[in-house]
Amino acid sequence: MADCLFCKIASGEFESATIFENHEFRVILDKFPSGKGHALVMPKEHYEDIYDLDADIAGKLFALTSEVARAIKAVTGCEGMNILQNNGSVAGQTVMHFHIHLIPRFEGDGLKFNWPTQSFSDEAFEEMAALIKKQI
């Protein structure tokens, strides 16, 4: 897409601290990181969100994400990692080009990714599971 920031980064039109690239994907360090080693995995082709991905590209994306996560852990010595991916503005997506955040975590880093929980009856869980199962 002509006006997509991440399409311009993925194509090389805009500079980035690229840590991996092939014909399908580019992995960069986040320009506005939450800490050292914060990276983004993105397809070069424009997909707005996870709903646009087909199984083949999704499989390749998550395989690459796993490989990059191991590399970041080896370099940073992080104690954990958040793998974060937002879909739609209501979920916090600010760039409408699918991308995965790899956020290395360290004891006392001050980052918080918690959310409140809700309670549902066993029947409500079973009903929701059945409805979703029908769609798969």
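Author: Let us begin with a term. Helices are DSSP runs of H or I with at least four residues, and they are numbered from the N terminus. The model before us is predicted. In this model, D56 is found in helix α2.

Reader: Is D56 buried or exposed, or does D56 lie in between?

Author: Buried means under 20% relative accessible area and exposed means over 50%, with partly exposed in between. D56 has 48% relative accessibility and therefore counts as partly exposed.

Reader: With which residue does D56 form a salt bridge?

Author: The general idea comes before the case. Side chains of opposite charge can pair when their charged atoms come close. Here D56 forms a salt bridge with K60, and the closest N and O atoms are 3.4 Å apart. Both residues lie in helix α2, four residues apart, which is about one turn of the helix. K60 is partly exposed, its relative accessible area being 33%.

Reader: How many salt bridges does a search of the whole structure find?

Author: The search finds five. One of them joins the side chains of E21 and K44, at 2.6 Å from N to O. E21 lies in strand β1 (residues 18–21) and K44 in the loop between β3 and α2, so this pair ties together parts that are 23 residues apart in sequence. E21 counts as partly exposed at 41% relative accessibility, and K44 is partly exposed too, with a relative accessible area of 24%. A network of salt bridges links E21 and K44 with R26.

Reader: Which residue does D109 meet in a salt bridge?

Author: The side chain of D109 meets that of R105, at 2.8 Å from N to O. The two partners fall into separate classes of accessibility. D109 is partly exposed, with a relative accessible area of 28%, whereas R105 is buried, with 17%.

Reader: Which residues does L102 touch?

Author: Leaving aside residues up to four places away in sequence, L102 touches several, among them G37, V41, T65, V68, I72, M81 and I83.

Reader: How is the largest pocket described, and which residues lie nearest its centre?

Author: One looks at its space, its lining and the classes of the residues in that lining. About 370 Å³ of space lies in the largest pocket. Its lining has 19 residues, and F6, D30, K31, F32 and L40 lie nearest its centre. Both α1 (5–11) and β2 supply at least two residues of the lining, and α1 gives the most, with three. By class, nine residues of the lining are nonpolar, seven polar and three charged.

How values were computed
Residues numbered from 1 in each chain as written. Predicted model: local features only at pLDDT ≥ 70, side-chain atom pairs only at ≥ 80, totals over all residues. Heavy atoms only, no water. Contact = heavy atoms within 4.5 Å. Buried < 20%, exposed > 50% of the residue type's maximum accessible area, 1.4 Å probe, protein only. Salt bridge = Lys/Arg side-chain N within 4 Å of Asp/Glu carboxyl O. 1 Å grid on protein atoms, 1.4 Å probe; cavity = no way out; pocket = protein on both sides within 12 Å on 5 of 7 lines; lining within 4 Å. Points joined across faces, edges and corners; volume = space filled by probe spheres on them. Nonpolar A, V, L, I, M, F, W, Y, C, P; charged D, E, K, R; others polar.
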